[in-house]
Amino acid sequence: MFENLNWWEIGALLLLALLIFGDRLPAVINDGLRLVRNLRNMARNATGDLSRELGTDIQLEDLHPKAFIRKHLLSEEDEAAIRKPLQGVYDNLRADVSGVHDDLKDVASAADLRSNGTRPGTATSTPSTPAPRASYDDAT
């Protein structure tokens with residue numbers, strides 16, 4: 001939870017909490033911990049009730065709709081039958097994308113300006129000289 005915070009930021013947050021809550025800080029921390037415990041108990045009771053109603057063992061992670069269907073409604077053969085046509089499409093798409101990627105690499109290496117030393121579309125013959133500009137003094 002706090003992997004993005006360094007020690008100075010955590011210390012600043014604790015100091016800010018101390019300034020905001022003052023001597024009530026231990027009571028606020030206690031109330032927060034009690035709230036977390038109550039939420040865990042509610043989740044545990046809900047999964048227990050669902051397990052009892054459905055007659056299967058349900059974990060909290062199984063409540064995600066995809067995981068619930070995969071675990072309780074589909075057999076392994078059904079899941080393999082669903083995946084088989086999609087796996088073929090995925091393999092074909094992956095091969096096409098890798099082919100396009102290789103073609104793009106070939107085009108990029110062929111158009112690499114550093115390897116040729118010249119710019120494409122420019123002639124190597126005598127460079128043309130620009131026309132002389134009219135100065136402000138000539139116009140006045």
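Modeller: Helix α2 covers residues 25–54, and at 1.5 Å a residue its 30 residues should span 44 Å; the end C-alpha atoms are 44 Å apart, so the two values agree. The expected span is 1.5 Å times one less than the number of residues. Helices here are DSSP runs of H or I with at least four residues, strands are runs of E with at least two, and both are numbered from the N terminus. This is a predicted model, in which local features need pLDDT of at least 70 and side-chain atom pairs count only at pLDDT 80 or more, while totals for chains, interfaces and linings use all residues. Residues are numbered from 1 along each chain as its sequence is written, and side-chain values use heavy atoms, with hydrogens and water left out.

The buried residues of α2 are Leu25, Thr47 and Ser51; buried means under 20% relative accessible area, exposed over 50%, and partly exposed in between, with a 1.4 Å probe and protein chains only. These buried residues pack against α1, residues 7–21, where a contact is heavy atoms within 4.5 Å. Leucine 13 sits in that helix, α1, and is partly exposed, at a relative accessible area of 47%. Just after α2, glycine 55 has a positive phi of about 80°.

As for the whole chain, it has 6 helices and 0 strands. Of its 140 residues, 4% count as buried. Among contacts with a separation of 6 or more, 0% join residues 24 or more positions apart.
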